[in-house]
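The paragraphs below go through an interface, its salt bridges and a pair of packed helices. Please keep the sequence and the model open while reading.

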Amino acid sequence: MSDAVGQAPLDLVYTRALRVLRVGFRLTAALLLAGIALALARGQGLERTVDPFSEILPALRDGHSRGFIDLAILTTMLTPLATVVTIAVTLHQLGERRFARYSLAVLLILLASIGTSLIR
Amino acid sequence: MDILRLIELGLVSAATALVGSMLGLGGGVFLVPILTLFFDVNQKVAIGASSVAVATNSILGSTVHLESRFTNLRFAMLLQIATASGALVGATVGVWAPERPINVLFGLVLLYAAGSMAIRRKSVEMAPDTPDPHGIKASFVDPATKQLVTYVPQRLRLGLGISGLAGALSGMLGVGGGVVQVPAMNILMKVPVKAAAGTSSFMVGVTAVATSFVYYSRERIDPAVVVPAMVGVFVGAQAGSRLTRRVSANKLSAYFVIVLLYLSISLLVKAAGYSLPGQS
């Protein structure tokens, strides 16, 4: 792979992006399993909407299944965003400023989308 | 919602993820029409669920493509500006739009998907001294031939326009966008099929973030639909990646062109105010 064009320095970006995706997947799976197990054990049904951000932590503290399920869904939605952050930071560290700026632009667009969800 | 319905939703999601991963289409193209036509799920809720399922599928699928270096990350980040912008606008329009025009649009997209499956993907040969003014040249080792494949995506402006369109469709319909982007990357931008699929697989997850939070803000993310969809995707995508090695994708494509045409006609009929037998 060292013969590949411009590839070796970029390997760090791939390695870190993979790490974030794997952590995100494992976290999602663990939260989802915990939520489903709690729902089955306590006879709690699945809610019909995801709670606002401010209600998720109290639900987790109370051990309610919906807290874990809501957090699993949000973790899935946020994992690609975390990957973009990682890519932007790593590209900047590698001196690839132009592509770091492109990644930052993507991040700003995603944050705008998340901003809409705060106005519920 | 009763347990039997949850299991049915999970099985349907698993099946769409399995087929989607084998055909390179993504499951949203099948999932949204099936949820609305056969399970009477509200269209916006189905799109919200599909966007989360697409994100889940992307997280799983893109790890494989990133490991193989099929994903061109520089190229992806550049195109993603257009795709994510399109998705944000598309989702904002789509979450408020009436059902009927969305059904018409989806029906047309399914027709396009059926047509694009019938077109043979092109192998790409590139001269070693092809200029790379945008710094998006990339390479990967093709596991089938063990050869190093190097390419420079062409027609970047056209690619950005198509990416914006793919993002808008993703936002309005809950599909991944790959159904538009992969053929465009391969045929118009001269990106090898594996790199196009790998790059798109990564991009659809990022695009789904822009879409899903807009639907979350309108309370269109329903855990009773999303949870079985996520579980189904976990199972179906894993099974699909194993079956791909054993089953001919070309034979499968022929069958699923028919399925896509059926779903397309169903949505267009529904938009006209009618429904086919067995559909809601």
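Contact here means heavy atoms within 4.5 Å. This is a predicted model, in which local features need pLDDT of at least 70, side-chain atom pairs count only at pLDDT 80 or more, and totals for chains, interfaces and linings use all residues. Residues are numbered from 1 along each chain as its sequence is written, chains are lettered from A and ligands numbered from 1 in the order in which they are written, and side-chain values use heavy atoms, with hydrogens and water left out.

By that contact rule, 55 residues of chain A touch 52 residues of chain B. The two chains bury about 4,800 Å² between them, and carbon and sulfur atoms give 75% of that area. Buried area is the accessible area (1.4 Å probe) that two parts lose on being put together, summed over both. Of the area that chain A buries against chain B, Tyr14(A), Arg48(A) and Met77(A) supply 14%, more than any other three residues.

Arg48(A) also takes part in a salt bridge, with Asp222(B), at 2.7 Å from N to O. A salt bridge is a side-chain nitrogen of Lys or Arg within 4 Å of a carboxyl oxygen of Asp or Glu. Side chains of opposite charge can pair when their charged atoms come close. Another salt bridge links Arg22(A) and Glu67(B), whose closest N and O atoms are 2.1 Å apart. Arg22(A) lies in helix H1 of chain A and Glu67(B) in helix H3 (residues 43-68) of chain B, so this pair joins two chains. Helices are DSSP runs (H or I, at least four residues), numbered from the N terminus.

Helix H7 (residues 178-188) and helix H8 (residues 193-217) of chain B pack at an angle of about 145°, with their axes 9 Å apart. Axes are lines fitted to C-alpha atoms over the stretch in contact, and angles run from 0 to 180 degrees between N-to-C directions. On the H7(B) side the contact includes Gly178(B), Val182(B) and Met185(B), and on the H8(B) side Ala196(B), Ser200(B) and Met203(B) are among the residues. The residues of this contact divide into 7 nonpolar, 5 polar and no charged. In this division Ala, Val, Leu, Ile, Met, Phe, Trp, Tyr, Cys and Pro count as nonpolar, Asp, Glu, Lys and Arg as charged, and the others, Gly among them, as polar.
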